[in-house]
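The sequence and the coordinates may be consulted alongside the text.

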Amino acid sequence: MFDKNLLSIEQLNKQEILGIFELAKEMKNHLKKGELLETLKGKTVATLFYENSTRTKTSFALACKYLGATTVDLGISTSSVQKGESIIDTVLTLQALKTDAVVIRHQTSGIHEYLSKNVECSVINAGDGCHSHPTQALLDGFTMFEQFGSLNNLKVAIIGDLKHSRVFRSNVVLLNKFGVKPFVFAPKTLMPCAVEQLDVVACENLQQAMENADVVMCLRIQLERQEKGMFPSIREYAKFYGVNLDNIKNAKPDAVIMHPAPVNRGVELTHDSVDCEQSLINEQVTNGLCVRMAVLQKLLSDKN
Ligand code: CP
């Protein structure tokens, strides 16, 4: 049964994930026809982004709008957070203002779990530290599902800054639920500690990761999270770990390129590979809106 919170992918089983994909598809059809829904009329959702965001924050706000909910964004930099108010008091304040759900991005891993035990409104994780980004993994999974009709038996290569990536961790958990063991590659300094404990195939080189892949997912070099000196230079990273229109030929001819974005163009991916026909990066953004509509509907609709 769907909980009132979305804290991580771990809490969802395969059937629940497929249920979100099905509802996201319905939402996409409504959006294509320009139909606005009123299924969350009377509900109020607050967004609290303690870290920067374009896609996640905007898509949650639009998802609420298209479902008829009221949204309020707590601009962290102009809020009482700046006077030292704790996150729990901030959320309790929003709850006292009759907010039904809070969508939170925060730099502290595990903060949503802690909050969910101390507040009554729904808590939705929009990214916590290097830990989890469940709606990103859901939109990535939905994008693959739309493209291939199933996640079963896909070869998914994941390349980039795996150590600092909450997108990586959530995607691995989701793909494992469908029996998919991602092939992963990164500079040794950007491999997660204890990678052998994850259900992934750690590759020795880019070719091994990409060979016959259905999906090549590149992850952003998180310069804001990492200490300096994880790799010699951006130029060297691009040469040995970057995906381009030449090395993508190692993957299957109908392989797709994915990236959660924002992309460091010319680093994880060359400009032309970001914009090529195989790239689903913009489709991922659209699917993020549909998936977030589905998640809000599942969590907040009185009919579910
Ligand atoms: N992919 C992702 O989470 O993007 P934003 O940081 O723009 O929300």
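## Basis of the description

The structure is a predicted model. Every value reported here is accordingly computed from predicted coordinates.

## The five-stranded sheet

A further open sheet has 5 strands, arranged as β7-β6-β5-β8-β9 with parallel pairing. The edge positions belong to β7 (201–202) and β9 (256–258), and each of these strands pairs on one side only. Helix α6 (residues 166–177) packs on this sheet, where it touches β5, β6 and β8 (215–219). The direction of α6 makes about 165° with that of β5.

Strand β5 (residues 156–160) is linked to strand β6 (residues 183–185) by 3 bridges, and the two run parallel. Ala157 stands opposite Phe183 in β6. The pairing of β5 with β8 is also in the parallel sense and extends over 5 bridges; here Gly160 stands opposite Leu219 of β8.

## Burial of strand β5

Why is β5 described as largely enclosed by the rest of the structure? The description applies because 5 of the 5 residues of β5 are buried, where buried denotes under 20% relative accessible area. Both faces of the strand are covered. Val156, Ile158 and Gly160 lie on one side, Ala157 and Ile159 lie on the other, and all of them are buried.

## The ligand site

Which residues surround the ligand? They are Ser53, Thr54, Arg55, Thr56, Arg105, His133, Gln136, Pro260 and Ala261.

A polar side-chain atom of Arg55 lies 2.7 Å from an oxygen atom of the ligand. For His133, a polar side-chain atom is placed 3.0 Å from a ligand oxygen atom. Pro260 contributes through its backbone: one of its N or O atoms lies 3.0 Å from a nitrogen atom of the ligand. The ligand has 260 Å² of accessible area on its own, and the protein covers 89% of this area.

## Gly179, a loop residue

Gly179 is located in the loop between α6 and β6. Is this residue, Gly179, buried or exposed? Its relative accessibility is 67%, so Gly179 counts as exposed, the threshold for that class being over 50%. The C-alpha atoms of Gly179 and Tyr237 are separated by 31 Å, and these two residues are 58 residues apart along the chain.

Definitions and conventions:
Residues are numbered from 1 along each chain as its sequence is written. This is a predicted model: local features need pLDDT of at least 70, side-chain atom pairs count only at pLDDT 80 or more; totals for chains, interfaces and linings use all residues. Side-chain values use heavy atoms; hydrogens and water are left out. A residue is near a molecule or strand if one of its heavy atoms lies within 4 Å of it. A polar contact is a pair of N or O atoms within 3.5 Å; within protein, one must be able to donate a hydrogen and the other to accept it, and residues adjacent in sequence count only if both atoms are side-chain atoms. Accessible areas come from the Shrake-Rupley method with a 1.4 Å probe; for residues, only the protein chains shown count as cover. Two strands pair if DSSP finds at least two bridges between them. Helices (H or I, at least four residues) and strands (E, at least two) are DSSP runs, numbered from the N terminus. Contact means heavy atoms within 4.5 Å. Axes are lines fitted to C-alpha atoms, for helices over the stretch in contact, and angles run from 0 to 180 degrees between N-to-C directions. Buried means under 20% relative accessible area, exposed over 50%, partly exposed in between (1.4 Å probe, protein chains only).
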